[in-house]
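Work through the exercises below with the model open. Try each task before reading its solution.

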Amino acid sequence: MTDRLSAQVEFLNRADKLKSVDRANALLDQSRAENAAEHSWQLALWALVMQPLASDDVDIDRVIRMLLLHDLVEIIVGDHPIHLETDWQAVERAEQAAAAELFGLLPDDQSQSFLSLWQEFEADTSADARFAKILDRCQPMFQVLYAPKPRSDHLDVVRDNLNGGRAAYLETDFPEAFRLARAMLENTDGQDTPFARRLPFLTESDQLKSVSRASRLLSGERFENSAEHSWHIMLFAWVLSEYADPDVSIDRVLKMLLLHDIVEIDAGDHPIHGQVDHAAQEAEEQAAATRLFGMLPPEQNMKFYALWQEFEAAETTDACFAKAIDRFQTPIGNLETGGGSWVDYNVTFAQIESRVGKPISRGAPKLWSWLRPQLDRYFSETLAE
(Lines give C-alpha, C1' and ligand atoms only; values in the text may rest on other atoms or scores of the structure.)
Protein backbone atom coordinates (compact mmCIF):
# COMPACT_ATOMS: atom_id res chain seq x y z
CA MET A 1 0.00 0.00 0.00
CA THR A 2 2.81 2.43 0.86
CA ASP A 3 4.27 2.59 -2.66
CA ARG A 4 0.84 2.90 -4.25
CA LEU A 5 -0.27 5.68 -1.91
CA SER A 6 3.03 7.50 -2.36
CA ALA A 7 2.53 7.44 -6.14
CA GLN A 8 -1.00 8.78 -5.75
CA VAL A 9 0.20 11.61 -3.50
CA GLU A 10 2.97 12.45 -5.97
CA PHE A 11 0.30 12.89 -8.66
CA LEU A 12 -1.84 15.03 -6.35
CA ASN A 13 1.14 17.21 -5.45
CA ARG A 14 1.92 17.67 -9.14
CA ALA A 15 -1.69 18.72 -9.68
CA ASP A 16 -1.11 21.66 -7.31
CA LYS A 17 0.70 23.38 -10.18
CA LEU A 18 -2.60 23.93 -12.00
CA LYS A 19 -3.29 26.70 -9.48
CA SER A 20 -0.47 28.68 -11.10
CA VAL A 21 -1.72 28.38 -14.69
CA ASP A 22 -3.44 31.64 -15.62
CA ARG A 23 -6.24 31.75 -18.18
CA ALA A 24 -7.16 34.56 -20.58
CA ASN A 25 -10.35 35.49 -18.72
CA ALA A 26 -10.52 37.42 -15.47
CA LEU A 27 -12.46 37.09 -12.24
CA LEU A 28 -15.79 38.90 -12.25
CA ASP A 29 -14.33 41.81 -10.30
CA GLN A 30 -11.50 42.06 -12.87
CA SER A 31 -8.91 41.97 -10.07
CA ARG A 32 -6.76 39.27 -11.69
CA ALA A 33 -6.71 36.46 -14.20
CA GLU A 34 -8.60 33.30 -13.34
CA ASN A 35 -6.44 30.21 -12.94
CA ALA A 36 -7.16 26.80 -14.40
CA ALA A 37 -7.73 25.07 -11.03
CA GLU A 38 -10.44 27.44 -9.81
CA HIS A 39 -11.95 27.40 -13.31
CA SER A 40 -12.17 23.60 -13.05
CA TRP A 41 -13.88 23.88 -9.66
CA GLN A 42 -16.44 26.34 -10.98
CA LEU A 43 -17.14 24.19 -14.03
CA ALA A 44 -17.86 21.24 -11.74
CA LEU A 45 -20.27 23.53 -9.87
CA TRP A 46 -21.87 24.51 -13.19
CA ALA A 47 -22.39 20.82 -13.92
CA LEU A 48 -24.10 20.18 -10.59
CA VAL A 49 -26.30 23.28 -10.86
CA MET A 50 -27.21 22.70 -14.52
CA GLN A 51 -27.93 18.99 -14.05
CA PRO A 52 -31.73 19.44 -14.48
CA LEU A 53 -31.09 20.95 -17.93
CA ALA A 54 -29.01 18.01 -19.18
CA SER A 55 -30.54 15.32 -21.38
CA ASP A 56 -31.58 12.03 -19.82
CA ASP A 57 -28.56 10.19 -21.22
CA VAL A 58 -26.07 12.42 -19.36
CA ASP A 59 -24.45 11.05 -16.20
CA ILE A 60 -23.65 14.20 -14.24
CA ASP A 61 -21.25 12.38 -11.91
CA ARG A 62 -19.07 11.45 -14.90
CA VAL A 63 -19.34 15.03 -16.20
CA ILE A 64 -18.10 16.39 -12.87
CA ARG A 65 -15.12 14.02 -12.94
CA MET A 66 -14.30 15.01 -16.53
CA LEU A 67 -14.30 18.67 -15.59
CA LEU A 68 -12.10 18.08 -12.54
CA LEU A 69 -9.30 16.73 -14.73
CA HIS A 70 -9.97 18.29 -18.15
CA ASP A 71 -7.36 21.08 -17.81
CA LEU A 72 -4.65 19.17 -15.93
CA VAL A 73 -2.53 18.98 -19.09
CA GLU A 74 -2.13 22.77 -18.88
CA ILE A 75 0.38 22.19 -16.08
CA ILE A 76 2.75 21.24 -18.90
CA VAL A 77 1.41 22.93 -22.05
CA GLY A 78 -0.21 26.05 -20.58
CA ASP A 79 -3.51 27.66 -21.51
CA HIS A 80 -4.28 28.47 -25.16
CA PRO A 81 -6.86 31.27 -25.53
CA ILE A 82 -9.35 30.51 -28.30
CA HIS A 83 -9.10 33.99 -29.85
CA LEU A 84 -5.37 33.78 -30.63
CA GLU A 85 -3.94 32.29 -33.79
CA THR A 86 -2.72 28.84 -32.77
CA ASP A 87 -1.49 25.63 -34.36
CA TRP A 88 -4.24 23.52 -32.80
CA GLN A 89 -2.87 20.25 -34.17
CA ALA A 90 0.44 20.92 -32.42
CA VAL A 91 -1.45 21.77 -29.23
CA GLU A 92 -3.38 18.51 -29.46
CA ARG A 93 -0.18 16.49 -29.81
CA ALA A 94 1.40 18.32 -26.87
CA GLU A 95 -1.68 17.78 -24.70
CA GLN A 96 -1.80 14.06 -25.50
CA ALA A 97 1.84 13.74 -24.44
CA ALA A 98 1.18 15.79 -21.29
CA ALA A 99 -1.80 13.61 -20.38
CA ALA A 100 0.30 10.46 -20.74
CA GLU A 101 3.01 11.96 -18.52
CA LEU A 102 0.72 13.28 -15.79
CA PHE A 103 -1.68 10.36 -15.51
CA GLY A 104 1.32 8.05 -15.81
CA LEU A 105 2.29 9.14 -12.29
CA LEU A 106 -0.68 7.17 -10.97
CA PRO A 107 -0.78 3.40 -10.45
CA ASP A 108 -1.49 1.63 -13.75
CA ASP A 109 -5.20 0.97 -13.18
CA GLN A 110 -5.93 4.58 -12.26
CA SER A 111 -3.59 5.92 -14.92
CA GLN A 112 -5.57 4.22 -17.67
CA SER A 113 -9.01 5.16 -16.32
CA PHE A 114 -8.09 8.83 -15.86
CA LEU A 115 -6.46 9.01 -19.29
CA SER A 116 -9.50 7.39 -20.93
CA LEU A 117 -11.88 9.86 -19.28
CA TRP A 118 -9.71 12.81 -20.34
CA GLN A 119 -9.57 11.47 -23.91
CA GLU A 120 -13.37 11.05 -23.90
CA PHE A 121 -13.75 14.71 -22.96
CA GLU A 122 -11.36 15.77 -25.72
CA ALA A 123 -13.12 13.63 -28.33
CA ASP A 124 -16.44 15.36 -27.53
CA THR A 125 -18.58 12.55 -28.92
CA SER A 126 -20.28 10.92 -25.91
CA ALA A 127 -23.33 12.51 -24.26
CA ASP A 128 -21.33 13.19 -21.08
CA ALA A 129 -18.46 14.82 -22.97
CA ARG A 130 -20.80 16.95 -25.08
CA PHE A 131 -22.51 18.35 -21.99
CA ALA A 132 -19.15 18.94 -20.29
CA LYS A 133 -17.92 20.80 -23.39
CA ILE A 134 -21.09 22.89 -23.51
CA LEU A 135 -20.48 24.04 -19.95
CA ASP A 136 -16.83 24.73 -20.76
CA ARG A 137 -18.05 27.01 -23.58
CA CYS A 138 -20.63 28.75 -21.40
CA GLN A 139 -18.76 29.53 -18.19
CA PRO A 140 -16.09 31.85 -19.68
CA MET A 141 -18.70 33.74 -21.72
CA PHE A 142 -20.98 34.44 -18.79
CA GLN A 143 -17.95 35.23 -16.64
CA VAL A 144 -17.44 38.14 -19.04
CA LEU A 145 -21.10 39.08 -19.47
CA TYR A 146 -21.90 39.20 -15.73
CA ALA A 147 -18.85 41.27 -14.81
CA PRO A 148 -19.86 44.66 -13.34
CA LYS A 149 -17.50 46.35 -15.81
CA PRO A 150 -16.66 43.87 -18.59
CA ARG A 151 -13.63 44.64 -20.72
CA SER A 152 -14.44 45.61 -24.29
CA ASP A 153 -11.87 43.21 -25.75
CA HIS A 154 -13.39 40.36 -23.73
CA LEU A 155 -16.85 41.27 -25.03
CA ASP A 156 -15.44 41.14 -28.56
CA VAL A 157 -14.18 37.60 -27.91
CA VAL A 158 -17.63 36.54 -26.68
CA ARG A 159 -19.27 38.11 -29.73
CA ASP A 160 -16.91 36.39 -32.14
CA ASN A 161 -17.32 33.12 -30.25
CA LEU A 162 -21.09 33.22 -30.75
CA ASN A 163 -20.93 34.48 -34.34
CA GLY A 164 -19.32 31.52 -36.03
CA GLY A 165 -16.80 30.64 -33.30
CA ARG A 166 -16.66 27.66 -30.95
CA ALA A 167 -19.88 28.64 -29.14
CA ALA A 168 -21.99 29.13 -32.27
CA TYR A 169 -23.32 25.56 -32.04
CA LEU A 170 -25.00 26.43 -28.73
CA GLU A 171 -27.79 28.00 -30.80
CA THR A 172 -29.02 24.47 -31.49
CA ASP A 173 -27.38 22.44 -28.71
CA PHE A 174 -28.04 24.73 -25.72
CA PRO A 175 -30.34 27.48 -27.02
CA GLU A 176 -31.25 29.01 -23.63
CA ALA A 177 -27.59 29.88 -23.04
CA PHE A 178 -27.10 31.13 -26.60
CA ARG A 179 -30.16 33.41 -26.51
CA LEU A 180 -29.28 34.86 -23.11
CA ALA A 181 -25.68 35.57 -24.14
CA ARG A 182 -26.92 37.32 -27.29
CA ALA A 183 -29.43 39.35 -25.30
CA MET A 184 -26.78 40.47 -22.81
CA LEU A 185 -24.41 41.48 -25.60
CA GLU A 186 -27.17 43.55 -27.20
CA ASN A 187 -28.34 44.99 -23.86
CA THR A 188 -31.83 43.56 -24.30
CA ASP A 189 -33.92 41.64 -21.80
CA GLY A 190 -33.22 37.92 -21.61
CA GLN A 191 -35.98 35.41 -21.02
CA ASP A 192 -36.77 34.06 -17.57
CA THR A 193 -35.62 30.49 -18.17
CA PRO A 194 -34.36 27.62 -16.00
CA PHE A 195 -30.86 28.41 -17.27
CA ALA A 196 -31.07 32.12 -16.47
CA ARG A 197 -32.48 31.48 -12.99
CA ARG A 198 -29.37 29.47 -12.04
CA LEU A 199 -26.82 32.07 -13.10
CA PRO A 200 -27.08 34.43 -10.09
CA PHE A 201 -25.86 31.63 -7.79
CA LEU A 202 -23.07 30.65 -10.18
CA THR A 203 -22.08 34.28 -10.57
CA GLU A 204 -21.97 34.73 -6.78
CA SER A 205 -19.78 31.63 -6.48
CA ASP A 206 -16.99 33.46 -8.31
CA GLN A 207 -16.22 35.25 -5.04
CA LEU A 208 -14.88 32.04 -3.50
CA LYS A 209 -11.82 32.51 -5.71
CA SER A 210 -10.95 35.58 -3.63
CA VAL A 211 -11.18 33.91 -0.19
CA SER A 212 -7.63 33.26 1.02
CA ARG A 213 -6.74 30.29 3.20
CA ALA A 214 -3.91 29.86 5.69
CA SER A 215 -2.15 27.25 3.55
CA ARG A 216 0.18 28.08 0.67
CA LEU A 217 0.61 26.62 -2.77
CA LEU A 218 3.38 24.03 -2.91
CA SER A 219 5.45 26.55 -4.85
CA GLY A 220 5.19 28.90 -1.86
CA GLU A 221 4.34 31.80 -4.17
CA ARG A 222 1.08 32.76 -2.45
CA PHE A 223 -1.73 31.58 -0.20
CA GLU A 224 -4.24 29.14 -1.61
CA ASN A 225 -7.83 30.27 -2.16
CA SER A 226 -10.93 28.32 -1.21
CA ALA A 227 -12.13 27.64 -4.77
CA GLU A 228 -8.90 25.99 -5.91
CA HIS A 229 -8.69 24.19 -2.56
CA SER A 230 -12.16 22.74 -3.18
CA TRP A 231 -11.06 21.53 -6.63
CA HIS A 232 -7.91 19.96 -5.21
CA ILE A 233 -9.58 18.04 -2.40
CA MET A 234 -12.19 16.72 -4.83
CA LEU A 235 -9.28 15.31 -6.82
CA PHE A 236 -7.81 13.95 -3.56
CA ALA A 237 -11.09 12.20 -2.71
CA TRP A 238 -11.36 10.67 -6.15
CA VAL A 239 -7.77 9.43 -6.35
CA LEU A 240 -7.79 8.13 -2.75
CA SER A 241 -11.29 6.65 -2.85
CA GLU A 242 -9.99 3.10 -2.35
CA TYR A 243 -9.08 4.04 1.25
CA ALA A 244 -12.70 4.86 2.09
CA ASP A 245 -15.17 2.55 3.80
CA PRO A 246 -16.79 0.27 1.16
CA ASP A 247 -20.18 1.87 1.92
CA VAL A 248 -18.97 5.36 0.92
CA SER A 249 -20.42 6.89 -2.24
CA ILE A 250 -17.51 8.81 -3.76
CA ASP A 251 -19.82 10.75 -6.06
CA ARG A 252 -21.71 12.08 -3.02
CA VAL A 253 -18.38 12.89 -1.37
CA LEU A 254 -17.31 14.85 -4.44
CA LYS A 255 -20.51 16.88 -4.31
CA MET A 256 -20.02 17.59 -0.61
CA LEU A 257 -16.49 18.82 -1.23
CA LEU A 258 -17.65 20.84 -4.23
CA LEU A 259 -20.04 22.75 -1.96
CA HIS A 260 -18.40 22.54 1.46
CA ASP A 261 -16.56 25.87 1.50
CA ILE A 262 -19.01 28.01 -0.47
CA VAL A 263 -20.26 29.58 2.77
CA GLU A 264 -16.84 31.22 3.08
CA ILE A 265 -18.00 33.78 0.52
CA ASP A 266 -19.84 35.40 3.43
CA ALA A 267 -18.18 33.89 6.51
CA GLY A 268 -14.54 33.82 5.41
CA ASP A 269 -12.00 31.09 6.10
CA HIS A 270 -11.28 30.04 9.69
CA PRO A 271 -7.98 28.14 10.01
CA ILE A 272 -8.30 25.09 12.24
CA HIS A 273 -5.20 26.10 14.19
CA GLY A 274 -6.32 29.71 14.68
CA GLN A 275 -8.25 31.23 17.57
CA VAL A 276 -11.89 30.92 16.55
CA ASP A 277 -15.23 31.57 18.27
CA HIS A 278 -16.82 28.36 17.02
CA ALA A 279 -20.38 29.34 17.98
CA ALA A 280 -20.10 32.61 16.09
CA GLN A 281 -18.49 30.85 13.14
CA GLU A 282 -21.29 28.29 12.98
CA ALA A 283 -23.94 31.03 13.05
CA GLU A 284 -22.19 32.94 10.27
CA GLU A 285 -21.88 29.85 8.11
CA GLN A 286 -25.51 28.83 8.64
CA ALA A 287 -26.63 32.31 7.59
CA ALA A 288 -24.33 32.16 4.58
CA ALA A 289 -25.70 28.76 3.52
CA THR A 290 -29.25 30.06 3.81
CA ARG A 291 -28.48 33.09 1.65
CA LEU A 292 -26.33 31.43 -0.98
CA PHE A 293 -28.29 28.22 -1.56
CA GLY A 294 -31.45 30.33 -1.37
CA MET A 295 -30.42 31.86 -4.70
CA LEU A 296 -31.15 28.52 -6.38
CA PRO A 297 -34.52 27.08 -7.42
CA PRO A 298 -36.27 25.59 -4.35
CA GLU A 299 -35.52 21.91 -5.02
CA GLN A 300 -31.80 22.52 -5.51
CA ASN A 301 -31.74 24.90 -2.57
CA MET A 302 -32.98 22.13 -0.27
CA LYS A 303 -30.69 19.45 -1.74
CA PHE A 304 -27.53 21.54 -1.61
CA TYR A 305 -28.26 22.86 1.86
CA ALA A 306 -28.89 19.34 3.15
CA LEU A 307 -25.66 18.07 1.58
CA TRP A 308 -23.71 20.94 3.14
CA GLN A 309 -25.27 20.27 6.54
CA GLU A 310 -24.42 16.57 6.26
CA PHE A 311 -20.78 17.45 5.65
CA GLU A 312 -20.73 19.82 8.62
CA ALA A 313 -22.31 17.26 10.96
CA ALA A 314 -19.77 14.59 9.87
CA GLU A 315 -21.94 11.71 11.08
CA THR A 316 -22.55 9.68 7.89
CA THR A 317 -19.87 7.50 6.32
CA ASP A 318 -19.81 9.79 3.25
CA ALA A 319 -19.32 12.90 5.37
CA CYS A 320 -16.67 11.26 7.54
CA PHE A 321 -14.58 10.40 4.47
CA ALA A 322 -15.10 13.90 3.05
CA LYS A 323 -13.91 15.41 6.36
CA ALA A 324 -10.93 13.07 6.42
CA ILE A 325 -9.86 14.20 2.95
CA ASP A 326 -10.37 17.85 3.89
CA ARG A 327 -7.96 17.33 6.80
CA PHE A 328 -5.50 15.18 4.82
CA GLN A 329 -4.65 17.63 2.03
CA THR A 330 -3.17 20.49 4.09
CA PRO A 331 -0.61 18.37 6.03
CA ILE A 332 0.57 16.95 2.70
CA GLY A 333 1.19 20.50 1.52
CA ASN A 334 2.82 21.59 4.76
CA LEU A 335 5.24 18.66 4.66
CA GLU A 336 6.22 19.72 1.14
CA THR A 337 6.78 23.37 2.11
CA GLY A 338 8.83 23.06 5.29
CA GLY A 339 5.93 23.35 7.70
CA GLY A 340 3.77 25.95 5.97
CA SER A 341 0.88 27.06 8.15
CA TRP A 342 2.19 25.01 11.10
CA VAL A 343 5.08 27.49 11.37
CA ASP A 344 2.73 30.48 11.00
CA TYR A 345 0.46 29.23 13.81
CA ASN A 346 3.13 27.58 16.00
CA VAL A 347 1.31 24.25 15.77
CA THR A 348 2.31 21.31 17.99
CA PHE A 349 2.12 17.61 17.22
CA ALA A 350 -0.53 17.25 19.94
CA GLN A 351 -2.72 19.76 18.11
CA ILE A 352 -2.22 17.85 14.85
CA GLU A 353 -3.26 14.58 16.50
CA SER A 354 -6.40 16.18 17.93
CA ARG A 355 -7.54 18.42 15.06
CA VAL A 356 -6.26 16.42 12.09
CA GLY A 357 -5.58 12.89 13.28
CA LYS A 358 -9.00 12.24 14.80
CA PRO A 359 -11.11 13.07 11.72
CA ILE A 360 -8.71 11.28 9.37
CA SER A 361 -8.62 8.20 11.64
CA ARG A 362 -12.39 8.19 11.76
CA GLY A 363 -13.01 8.55 8.04
CA ALA A 364 -9.89 7.04 6.43
CA PRO A 365 -7.72 5.24 9.00
CA LYS A 366 -5.32 3.86 6.37
CA LEU A 367 -4.47 7.41 5.30
CA TRP A 368 -3.68 8.36 8.90
CA SER A 369 -1.48 5.28 9.31
CA TRP A 370 0.51 6.42 6.26
CA LEU A 371 0.65 10.10 7.25
CA ARG A 372 1.31 9.89 10.99
CA PRO A 373 4.94 8.63 10.83
CA GLN A 374 5.80 11.49 8.48
CA LEU A 375 4.25 14.03 10.83
CA ASP A 376 6.00 12.46 13.80
CA ARG A 377 9.32 12.70 11.97
CA TYR A 378 8.77 16.33 10.96
CA PHE A 379 7.84 17.48 14.47
CA SER A 380 10.64 15.47 16.09
CA GLU A 381 13.19 17.04 13.78
CA THR A 382 11.70 20.50 14.31
CA LEU A 383 11.93 20.17 18.10
CA ALA A 384 15.52 18.92 17.81
CA GLU A 385 16.63 22.05 15.94
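Helices are DSSP runs of H or I with at least four residues, strands are runs of E with at least two, and both are numbered from the N terminus. The model is predicted: local features need pLDDT of at least 70, side-chain atom pairs count only at pLDDT 80 or more, and totals for chains, interfaces and linings use all residues. Residues are numbered from 1 along each chain as its sequence is written, and side-chain values use heavy atoms, leaving out hydrogens and water.

**Exercise 1. Describe helix 17 and what follows it.**

Step 1. Take the length. Helix 17 (residues 317-336) has 20 residues and reaches 29 Å from first C-alpha to last. The expected span is 1.5 Å times one less than the number of residues.

Step 2. Check cover. Of the 20 residues in helix 17, 17 are buried.

Step 3. Look past the end. Gly-338 follows helix 17 and has a positive phi, near 70°.

**Exercise 2. Classify the packing of helix 17 against helices 13 and 19.**

Step 1. Two packed helices are described by the angle between their axes and the distance between the axes. Axes are lines fitted to C-alpha atoms, for helices over the stretch in contact, and angles run from 0 to 180 degrees between N-to-C directions.

Step 2. Set the classes: under 35 degrees is roughly parallel, over 145 roughly antiparallel, 65 to 115 roughly perpendicular, and the rest oblique.

Step 3. Take helix 13 (residues 250-259). Its axis and that of helix 17 come within 9 Å and cross at roughly 55°. Helix 13 is therefore oblique to helix 17. Residues in this contact include Val-253 and Met-256 of helix 13, and Phe-321 and Ile-325 of helix 17.

Step 4. Take helix 19 (residues 349-363). The axes of helix 17 and helix 19 come within 8 Å and cross at roughly 135°. Helix 17 is therefore oblique to helix 19. Among the contact residues are Phe-321 and Phe-328 of helix 17, and Val-356 and Ile-360 of helix 19.

**Exercise 3. Where does Ala-364 lie, and what does Ala-364 touch?**

Step 1. Ala-364 is in the loop between helix 19 and helix 20.

Step 2. A relative accessible area of 0% makes Ala-364 buried.

Step 3. Not counting residues up to four places away in sequence, Ala-364 touches Tyr-243, Phe-321 and Ala-324.

Step 4. Ala-364 and Thr-317 are 47 residues apart in sequence and 10.0 Å apart in space, C-alpha to C-alpha.

How values were computed:
Buried < 20%, exposed > 50% of the residue type's maximum accessible area, 1.4 Å probe, protein only. Contact = heavy atoms within 4.5 Å.
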